[in-house]
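Please look over this model with me. My notes follow, as numbered points.

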Amino acid sequence: MPRSTSKPTPPAFELPGIDTLRKAFEGLAPLSELRIDPEAWARAQQHYVQNASALWNEALTQHLSPPSDRRFAHPAWQDSGSGFLAQLYLLNSRALTELAESVQAEPKTRARIRFAVQQMVDASAPSNFLALNPEAQKKALDTQGESLAKGLQLLWADVQRGKLSQTDDSAFQVGRNVATTPGSVVFENDYFQLLEYAPLTKEVHERPFLMVPPSINKYYILDLQPENSLIRYAIENGHRTFVVSWRNPDERCAHWTWDEVIEGAPIEALRVVREITGAEQVNALGFCVGGTILATALAVLAARGQRPVASLTLLTTLLDFANTGVLDIFVDENLVKARELTLGDPAKPGLLKGAELAQTFSFLRPNDLVWNYVVGNYLKGEMPPAFDLLYWNGDSTNMAGPMYCWYLRHTYLQNELKQPGKLTMCGEKVDLGRISVPTYVYGSREDHIVPWEAAYASTQLLRGPVRFVLGASGHIAGVINPASKNKRSHWLGPENHPADPQAWLQKATETPGSWWRDWAAWLGRHGGGVKPAPKAPGSRKYRPIEPAPGRYVQQKA
């Protein structure tokens, strides 16, 4: 047969925001059914007229206040015309936001309207358009058009890559300058590789330590650089540390189910770590979705009469999905059914592509993670700087359709994981209340993915002694807050954990610096005695397969 001469199809590149806006509007009530309270409408009109008049008077007298928004901080925006345009945009933005807040509808519809309006407001900023951006225009003149030419080159490169560049990807390589903590792959199966790290102390705790990162991202968020590596920090504190490195699913993995992953990954990892070390129990940590997966596995094992962990750490983890923050606007029965038909059909399963997940999460903070780079890359022709966190953020992973659809329906939509005996997984009726081990629950105060109140809700589900700690900042920066930097704060409160998280917060005490030290002291109390550090990774049965970080983390979506 003659060889095909057709060219490969380039990756899809969609204008930023279109897909996210479409999802936000899906399921909205017809506009004819939406109402705005007449008094709120009148107040909004009055505020707008007053503010518009004041702005016009300032412009006429040439006493225009400089825009306070950082998008308009460059001196070029201080010109009377550009400054007026920026102030008018901010005025209109406030008016639209006020109207969105005034819509009378059920809570999810109101949240979707607020989100969609905010997306349109952010997308329509004059700074996003070359014809309206005096800073980009000045740079084009100063460089004799070179910045525009460079911007077109960066745009074309992103079109070919199929995604918006947020950092200089060429500056990083997994295993070379990120994910560099020395270790070995000591076990692998279809779902994960198990990494064991070389000890950094002469003695280690008797109980080994297993980390389960989120399966929708790569594990090395916990090992970006030596100075901010939570993995290295655990090793330095004398823990024999193992980490699950998830396989990045491809088409051959599209059939994976939730039960298969629970049985084949966390349950198997716990078995292998105990077998390698000879320990009856391990200390275990789950981060974000990894925490949900780990807790589910422990509930399954509890139903089987097994208690393989001595302590549990849950970082920004949802077990009770009553409050899922802004992500709730994307989830309803229609969306879940559509996903089940297109991705979750066992006869023809599909993959949730990593690029789709990455775009959705970026548009939760569009000015920081989207439009900032549209302006810098394309309008000003500036290559984004090298930043390890954003490199990791762009190193996306896929999800097997059946697993994703099960997770979406039974947690985000129906919130059944918290209900004792409601779900059967791996052949067992699960009850999170049967996890009766000391547990360290951490939430981040500005987390937009797992609101801290939702992380706190785990304290009401687990029966063992629970320590809840609240950290500053967001979903990632709050967790990756190295003790050595002594940045940010954390809050410690009463150990009886009232049902209302605000009641806990009122009695909590702010402590300067990272929560890592508090956690390390807590984990150390559950490490057992000490013994000489192992001289070699693995065991006679589980010999090293390859050096860390291993092959699985290198797989691209």
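1. The largest pocket holds about 1,100 Å³ of space. A pocket is an open set of points on a 1 Å grid over the protein atoms alone, with protein on both sides within 12 Å along at least five of seven lines. Volume is the space filled by probe spheres set on the points, which are joined across faces, edges and corners. Of the 48 residues lining this pocket, Leu 357, Phe 361, Ser 362, His 448 and Ile 449 are closest to its centre. Lining residues have an atom within 4 Å of a point.

2. Helix α12 (354–362) gives the most to that lining, with 7 residues. Among the other elements giving two or more residues are α10, α11 (333–342) and α15 (401–413). Helices are DSSP runs (H or I, at least four residues), numbered from the N terminus.

3. This is a predicted model: local features need pLDDT of at least 70, side-chain atom pairs count only at pLDDT 80 or more, and totals for chains, interfaces and linings use all residues. Residues are numbered from 1 along each chain as its sequence is written, and side-chain values use heavy atoms, with hydrogens and water left out.

4. How confident is the predictor? The mean pLDDT (confidence in each residue, from 0 to 100) is 91, and 94% of residues reach 70 or more. Over residues 1–25, pLDDT stays under 50.

5. The largest nonpolar core has 128 residues, of which Leu 194, Tyr 220 and Trp 519 touch the most other members. Helix α10 (residues 289–303) supplies the largest share, 9 residues. Apart from this core lies another, of 11 residues, including Trp 77 and Tyr 89. A nonpolar core is a set of buried Ala, Val, Leu, Ile, Met, Phe, Trp, Tyr and Cys residues joined through side-chain atoms within 4.5 Å. Buried means under 20% relative accessible area (1.4 Å probe, protein chains only).

6. Helix α2 (residues 38–60) has 23 residues and should span 33 Å at 1.5 Å a residue; its end C-alpha atoms are 33 Å apart, which agrees. The expected span is 1.5 Å times one less than the number of residues. Its buried residues are Ala 40, Ala 44 and Leu 55. They pack against α3 (80–101). Just after α2, Gln 62 takes a positive phi of about 55°.

7. Which residues line the largest cavity? Among them are Tyr 191, Trp 246, Arg 247 and Met 403. About 90 Å³ of space lies in this cavity. In a cavity, a 1.4 Å probe fits but cannot get out.

Note on methods:
Buried < 20%, exposed > 50% of the residue type's maximum accessible area, 1.4 Å probe, protein only. Contact = heavy atoms within 4.5 Å. pLDDT = per-residue confidence, 0-100.
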